[in-house]
Amino acid sequence: MRLLTHNMLASNARGAVTGYPLKLQVVKWSTKEAEPNADFLRGMLPKIDWAALVAATQALGLPELLPGAPPTDAELSAEGAAEDEGSVLRRLHRALLEIHIEEGTLVCPDTERCFPISRGVPNMLLHEDEVRN
Amino acid sequence: MKLKQLEGLLGELQQFTRPKVELEQYATGSHIASRMLYTAENSFDDITGKVVADFGCGCGTLAVASSLLDAEHVVGIDIDPQCLELAQENAADLELDMDLIQCDIKNLNLRGLLVDTVVMNPPFGTSRKGADMEFISMGLKVARRAVYSLHKTSTREHIKKVALRNCNAISAEVLCELRYNLPQTYKFHRQKEVDIAVDFWRFVPRARHEGSTACSVTANVKQRRMHG
């Protein structure tokens, strides 16, 4: 599971108010390179919950990866940003699409219900009596 | 990617070895799957560069097809762990990146806006009544642009009514009627093969938050014919 998926996923356990954002506890993660797409990132930026994304990178032990505030469109469009490994475009791309959480846990912020991530797949299944009505 | 090439790659995917009748697990054939996704992309621009979710992804055929058509981010969701393992293997064999979530679609909680397009070959509601409508309803909650789905032609009127009235669809359109060739998957199937009439649907959700986006989608329709 990558952090773009984490950014959209919420808990639906009984007692959850929003169930979002899920707290991330990471045991194992990996990086896999992907081609950055500047247009996609610019379109995605206003839809991303920035605080949740930053919290996820901190849980990974990468506090330097993203700035505290979302980058501007101009920063993402800066010339050569796609080639420059250190550019904010590349860092956002890396955070959203290149980091794969392999093993760990997602924790519902309202109920503390834990959802295990095993072999890259979070298990969001609930028992019948846990389902929110 | 050419349609024939897409169909060929999908034809090589591993399918379920022991399908579960209660989940109505039927493989989506490569012929239908390739045309579904090809139409979604070429007629409506709903796949390439988009975030696509495959509801009830099974062994991942529609998710893989989305990824092959250069969806920027693909998420496959299924309740069945064995299916998800297969989907993972299928994606790995083609060196595709795709995220998988184990979840019951009716309990899914995904923030709207982030997913552009939902594709699915959901249960037809034969084994558990209403399962098909749960999928449509959740698809329309999650998708920002469109939901593509397959349903039995015999349920056409019902689906149209419920989608428009109760599921927040602003349009519900049958793009094409297909013959779904169903090989004998389960013991209760008496005939070796049956053809059932299936509709290929496109649902458009009412726009949330950002007023203009979804309204412009219908204007973007270039061509409504099915390819191939």
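This is a predicted model: local features need pLDDT of at least 70, side-chain atom pairs count only at pLDDT 80 or more; totals for chains, interfaces and linings use all residues.
Local features need pLDDT of at least 70 and side-chain atom pairs pLDDT 80 or more, while totals for chains, interfaces and linings use all residues. Residues are numbered from 1 along each chain as its sequence is written, chains are lettered from A in the order in which they are written, and side-chain values use heavy atoms, without hydrogens and water.

Reader: What is the volume of the largest pocket?
Author: A pocket is an open set of points on a 1 Å grid over the protein atoms alone, where a 1.4 Å probe fits, with protein on both sides within 12 Å along at least five of seven lines. Points are joined across faces, edges and corners, and the volume is the space filled by probe spheres set on them. For the largest pocket this is about 550 Å³.

Reader: Which helix gives the most to the lining of the largest pocket?
Author: Lining residues have an atom within 4 Å of a point, and there are 31 of them here. Helices are DSSP runs (H or I, at least four residues), numbered from the N terminus. Helix H3 (61–68) and helix H5 (131–142) of chain B each supply at least two lining residues. The most, three residues, come from H5(B).

Reader: Which strands are the edge strands of the sheet in chain A?
Author: The open sheet has the order E1-E2-E3-E4 (chain A), with antiparallel pairing. Strands are DSSP runs (E, at least two residues), and two of them pair if DSSP finds at least two bridges between them. Pairing on one side only are strand E1 (23–31) and strand E4 (121–122) of chain A.
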